[in-house]
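Please open the structure in a viewer and keep the selection tool at hand.

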Amino acid sequence: MTSGTLSPEQIVRRAKSNLAFALACLPKERRRDMIAFYAFCRVVDDIADDPNVSEADKEKELNHWKHCVEQGQPPGHPVLDEMLLLPEKYSFPRAWLCEIIDGVASDITKTRYETFEELLGYCYKVASVVGLVSIQIFGHQNPATKDYAINLGYALQFTNIIRDVGQDARDTGRIYIPQAELRKFGVLESEILDARPSERFIKMMDFQYARARSYYEAAEKALPPEDRKNMVASEIMAAIYSRILEKLKRERYPVFTKRCRLSKLHKVWILGSHLIKARFGK
C-alpha cells in the first residue's frame with residue numbers, strides 16, 4: 001500500500017514518529033489537524049526520497065503538490081485535501097507549505113552543503129517552518145513564540161543530522177555536515193561514506209552537539225510563559241530529542257552501528273511529566 005492510498009492517520013501510524021507520540025496530548029480537533037499536517041510533511045518527504053522514481057518525476061510530482069497548495073486546488077489526495085483547509089483555519093500563509101515542499105525538493109539533487117549558513121537555509125525550510133505551522137495549530141498568542149518555533153526547529157533538525165549521519169550516507173550518499181566543517185576538523189568524506197570514523201570525526205560531532213544544544217537553550221529562553229501551556233506537544237518533542245542528543249554524546253556517536261532511540265517507557269514518562277507540569281504548573 002503506497003502513501004497515496006493511506007489516510008493521514010495511517011501515514012502517521014506507519015511512520016512511528018516521535019511527533020506522533022507527542023500529539024497524544026492535544027485536544028481532539030487540533031490533534032486531527034496536526035496529524036493531517038504531519039502526514040503532508042511525511043508524504044512530500046517520501047516523494048523526494050523514493051529510490052524507485054527518477055529525479056525528473058520526483059520534481060514533477062512535488063511541483064504538482066506545490067501548485068495545488070498555491071492555488072488551493074484539491075488534487076484528490078486524502079492528505080493534501082485536508083491540508084488545504086488549514087491555512088485559513090489557523091491563519092498562516094500557504095507560502096509556508098510551499099517552503100516545506102521546496103526544502104524537501106532540494107534533497108532530490110543536493111547531497112552536500114558547503115557552509116553552515118547554507119545548511120541553515122535548508123533546515124529553516126524543512127524544520128523551522130514546520131515549527132511555525134505547528135504553533136499556529138497549537139494556538140499560540142505571543143508573537144515571540146515564533147522565535148521559539150524557529151530555534152526549536154533548528155535544534156530538532158540538527159539532532160536528526162547528528163543521529164542519521166551514518167544512515168544518510170549509506171542510504172542516499174548525502175552528507176549534511178557542512179564541507180567547511182569537515183575540512184576544519186580534518187575529516188574525510190570517505191570516513192563517513194565507508195563508516196570508518198576517526199577520533200577527528202568524534203571531535204567534529206562534539207562540535208555539532210554543542211551547536212544543537214545551543215538551539216535548544218535558545219528555544220527555551222524564547223518561549224513566553226503565557227504560551228507554555230499550549231506548547232506542551234512541542235515541549236515533549238524537545239524533551240525527547242534533547243535526550244536523544246545527550247545519549248548520542250554519552251555513547252560517543254555510534255551513528256554507523258545503530259539509530260539512537262529512547263525506549264517507549266522513557267517517552268511515556270516524558271509525556272506524563274509534561275502533562276502534569278502543564279496542568280499544575282510544576
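Between which two helices does the loop that holds Ala 195 lie? Ala 195 lies in the loop between helix 12 (189-193) and helix 13 (199-222). Helices here are DSSP runs (H or I, at least four residues), numbered from the N terminus.

Two remarks on the source are needed before going on. This is a predicted model, in which local features need pLDDT of at least 70 and side-chain atom pairs count only at pLDDT 80 or more, while totals for chains, interfaces and linings use all residues. Residues are numbered from 1 along each chain as its sequence is written, and side-chain values use heavy atoms, with hydrogens and water left out.

**Stop 1: Ala 195**

Keep Ala 195 selected. Its phi is near 55 degrees, a positive value in a residue other than glycine. Most residues other than glycine have a negative phi. At 40% relative accessibility, Ala 195 counts as partly exposed; buried means under 20% relative accessible area, exposed means over 50%, and partly exposed is in between (1.4 Å probe, protein chains only).

**Stop 2: helix 14 and the residues after it**

Select residues 232-250, which form helix 14. At 1.5 Å a residue, its 19 residues should span 27 Å, and the end C-alpha atoms are 27 Å apart, which agrees; the expected span is 1.5 Å times one less than the number of residues. Helix 14 is mostly covered, with 14 of its 19 residues buried.

Move on to Arg 252, which follows helix 14 and has a positive phi, near 65 degrees. Then select Tyr 253, in the loop between helix 14 and helix 15 (264-280). Tyr 253 also has a positive phi, near 60 degrees, and is a residue other than glycine. Is Tyr 253 buried or exposed? Tyr 253 is buried, with a relative accessible area of 3%.

**Stop 3: helix 3 against helix 4**

Two packed helices are described by the angle between their axes and the distance between the axes. Select helix 3 (residues 28-49) and helix 4 (residues 55-71): their axes come within 8 Å and cross at roughly 155 degrees. Axes are lines fitted to C-alpha atoms, for helices over the stretch in contact, and angles run from 0 to 180 degrees between N-to-C directions. That crossing angle makes helix 3 roughly antiparallel to helix 4; angles under 35 degrees count as roughly parallel, over 145 as roughly antiparallel, 65 to 115 as roughly perpendicular and the rest as oblique.

Helix 3 passes helix 4 in a left-handed crossing, a term used if the near helix is turned anticlockwise from the far one by less than a right angle, with right-handed used if clockwise. Residues of helix 3 that meet helix 4 include Phe 40, Val 43 and Ile 47, while Leu 62, Trp 65 and Val 69 are among those on the helix 4 side; contact means heavy atoms within 4.5 Å. The residues of this contact divide into 8 nonpolar, no polar and 3 charged. Ala, Val, Leu, Ile, Met, Phe, Trp, Tyr, Cys and Pro count as nonpolar, Asp, Glu, Lys and Arg as charged, and the others, Gly among them, as polar.

**Stop 4: helix 3 against helix 7**

The axes of helix 3 and helix 7 come within 9 Å and cross at roughly 30 degrees. That makes helix 3 roughly parallel to helix 7, and the crossing is right-handed. Phe 37, Phe 40, Cys 41, Val 44, Asp 45 and Ala 48 in helix 3 meet Leu 97, Ile 100, Ile 101 and Val 104 in helix 7. By class, this contact has 9 nonpolar, no polar and 1 charged residues.

Leaving aside neighbours within four places in sequence, Arg 94 is in contact with Val 69, Glu 70, Gly 72, Leu 84, Pro 87 and Glu 88.

**Stop 5: Arg 174**

Finally, select Arg 174, in the loop between helix 10 (165-172) and helix 11 (179-185). At 8% relative accessibility, Arg 174 counts as buried. Not counting residues up to four places away in sequence, Arg 174 touches several residues, including Ala 48, Asp 49, Asp 107 and Asp 168.
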